[in-house]
Amino acid sequence: MNGIKVACIQMDILDCRKEANISKALNMAHRAVSEGAEILVFPEVFSTGFCYENMADSAETELGETVKRMCDFSKEHGCILIFSIIERKDGAQGPDYYNLGICIEDGEIAGTYRKTHPFKKEKQYFSAGNGIVPIRLRKRDLTIGLQICYEIRFPEVARKLVLEGSDILVTIAEFPSPRGHIWKSLAIARAIENQIPHIACNRVGDGPDSSFFGGSIIVDALGEVKEEAGDKETMLYHFLELENTVNVRKMIPMFDDRRSDIY
């Protein structure tokens with residue numbers, strides 16, 4: 001695959017109001033596919049927000065309401081959707097909750113990723129995932145490296161995803177104010193140091209504990225900002241030239257020059 005059009009759907013999220021959030025997201029998604037987007041990226045836990053006061057009702061299994069409706073949309077439009085949900089996983093000692101990243105391709109779940117680095121208050125509610133593995137699409141020759149919010153601060157996460165074959169790095173987030181300059185710097189850095197295009201999709205609006213500045217950004221493999229959002233609901237579009245990654249790595253053969261024998 002030489003290139004693909006992507007869309008970052010930067011939206012506000014109403015805390016614990018699943019139906020309203022899904023409906024808004026799908027309305028925005030309809031506009032994105034009408035513009036030719038094949039990969040649509042949504043903010044972290046877009047359908048509920050961090051609904052701590054009502055986790056039991058907001059959480060769902062991997063095949064729950066949010067995923068079912070996103071699968072239906074993906075199947076109808078032949079597109080790829082990337083997002084996360086609050087997952088409930090029942091165990092012998094009761095339910096565990098995870099921030100579950102999901103990639104849907106043409107109506108089917110291509111792969112999942114449980115957030116490995118819960119942030120601050122999240123640790124009180126979420127278990128941490130224990131694996132960092134990219135998602136290989138089943139019908140397209142493409143591999144997605146998915147990380148979630150706080151993990152943009154950990155270069156090891158992105159590097160592992162890239163070393164294991166990711167073609168595109170995707171960060172989905174609820175990255176709060178006032179850290180806009182940090183978010184942008186990290187998004188660009190992860191692209192530069194891994195010579196990979198990076199779609200970083202953040203939310204806007206106000207939650208119970210934080211406000212959110214948006215600032216979603218699409219960066220190419222050279223580290224150039226191709227599209228950047230402000231602090232309002234919007235959608236970013238860009239056609240990613242995937243062969244550009246090969247050219248950048250030929251120009252500066254960083255991965256050949258890595259000293260894997262000492263680090």
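Helices (H or I, at least four residues) and strands (E, at least two) are DSSP runs, numbered from the N terminus. With those labels in hand, welcome to a set of close-up views of a predicted model.

**View A. Gln 195, in the loop between α5 and β9.** Here is a residue with a backbone angle to notice: the phi of Gln 195 is near 50°, a positive value in a residue other than glycine. Is Gln 195 buried or exposed? Its relative accessibility is 3%, and because buried means under 20%, Gln 195 counts as buried.

**View B. Cys 16, in the loop between β1 and α1 (18-34).** Cys 16 also has a positive phi without being a glycine, this time near 70°. With a relative accessibility of 24%, Cys 16 counts as partly exposed.

**View C. Strand β1 (residues 3-10) and its partners β14 and β2.** Of the 8 residues of β1, 7 are buried, so this strand is largely enclosed by the rest of the structure. Strands of a sheet pair through backbone hydrogen bonds, either parallel or antiparallel. This view has an example of each. β1 runs antiparallel to strand β14 (residues 234-241), and 8 bridges join the two. To find your place in that pairing, look for Ile 9, which stands opposite Met 235 in β14. With strand β2 (residues 39-41), β1 pairs in the parallel sense over 3 bridges. There, the bridge partner of Ala 7 is Leu 40 in β2.

**View D. An open sheet of 6 strands.** Reading across the sheet, the order is β6-β7-β8-β9-β12-β13, and the pairing is mixed. Which are the edge strands? They are β6 (135-136) and β13 (225-228), each of which pairs on one side only.

**View E. Strand β8, between β7 and β9 in the sheet order.** β7 and β8 run parallel and are joined by 5 bridges; in this pairing, Leu 146 stands opposite Val 170 in β8. β8 also pairs in the parallel sense with strand β9 (residues 198-201), over 4 bridges, and Ile 172 has Cys 201 of β9 as its bridge partner. In a regular strand the side chains alternate between the two faces of the sheet. You can follow this along β8: Ile 168, Val 170 and Ile 172 point one way, while Leu 169 and Thr 171 point the other way. How many of the residues of β8 are buried? The count is 5 of its 5 residues, so the strand is mostly covered because buried means under 20% relative accessible area.

**View F. Helix α4 (residues 155-163) and its buried residues.** Look for Val 157, Ala 158, Leu 161 and Val 162, which are the buried residues of α4. Seen down the helix axis, they fall within an arc of 125°, so they line one face of α4. An α-helix has 3.6 residues a turn, so residues three or four places apart point the same way. What covers the buried residues of α4? The cover includes strands β5 (108-114), β7 (143-148) and β8 (168-172), along with helices α5 (180-194), α6 (243-251) and α7 (254-257). Gly 165 follows α4 and has a positive phi, near 105°.

**View G. The largest pocket, with a volume of about 440 Å³.** This pocket is lined by 23 residues, and the closest to its centre are Phe 50, Tyr 52, Asp 209, Ser 210 and Phe 212. By class, the lining has 10 nonpolar, 3 polar and 10 charged residues.

**View H. The second largest pocket, with a volume of about 240 Å³.** Of its 15 lining residues, Ser 166, Asp 167, Leu 242, Thr 245 and Val 246 are the closest to the centre. Two helices, α4 and α6, each supply at least two residues of this lining. Which gives the most? That is α6, with 4 residues. The lining divides into 7 nonpolar, 4 polar and 4 charged residues.

**View I. A cis peptide bond from Ser 177 to Pro 178.** The omega of this bond is near 5°. Pro 178 lies in the loop between β8 and α5.

**View J. Lys 120, in the loop between β5 and β6.** Lys 120 is exposed, with a relative accessible area of 58%. Lys 120 and Tyr 150 are 30 residues apart in sequence, and their C-alpha atoms are 9.7 Å apart in space.

Methods: Residues are numbered from 1 along each chain as its sequence is written. This is a predicted model: local features need pLDDT of at least 70, side-chain atom pairs count only at pLDDT 80 or more; totals for chains, interfaces and linings use all residues. Side-chain values use heavy atoms; hydrogens and water are left out. Buried means under 20% relative accessible area, exposed over 50%, partly exposed in between (1.4 Å probe, protein chains only). The arc is that of the directions from the helix axis to the C-beta atoms. Contact means heavy atoms within 4.5 Å. On a 1 Å grid over the protein atoms alone, a cavity is a set of points where a 1.4 Å probe fits but cannot get out, and a pocket is an open set with protein on both sides within 12 Å along at least five of seven lines; lining residues have an atom within 4 Å of a point. Grid points are joined across faces, edges and corners, and a volume is the space filled by probe spheres set on the points. Ala, Val, Leu, Ile, Met, Phe, Trp, Tyr, Cys and Pro count as nonpolar, Asp, Glu, Lys and Arg as charged, and the others, Gly among them, as polar. Two strands pair if DSSP finds at least two bridges between them.
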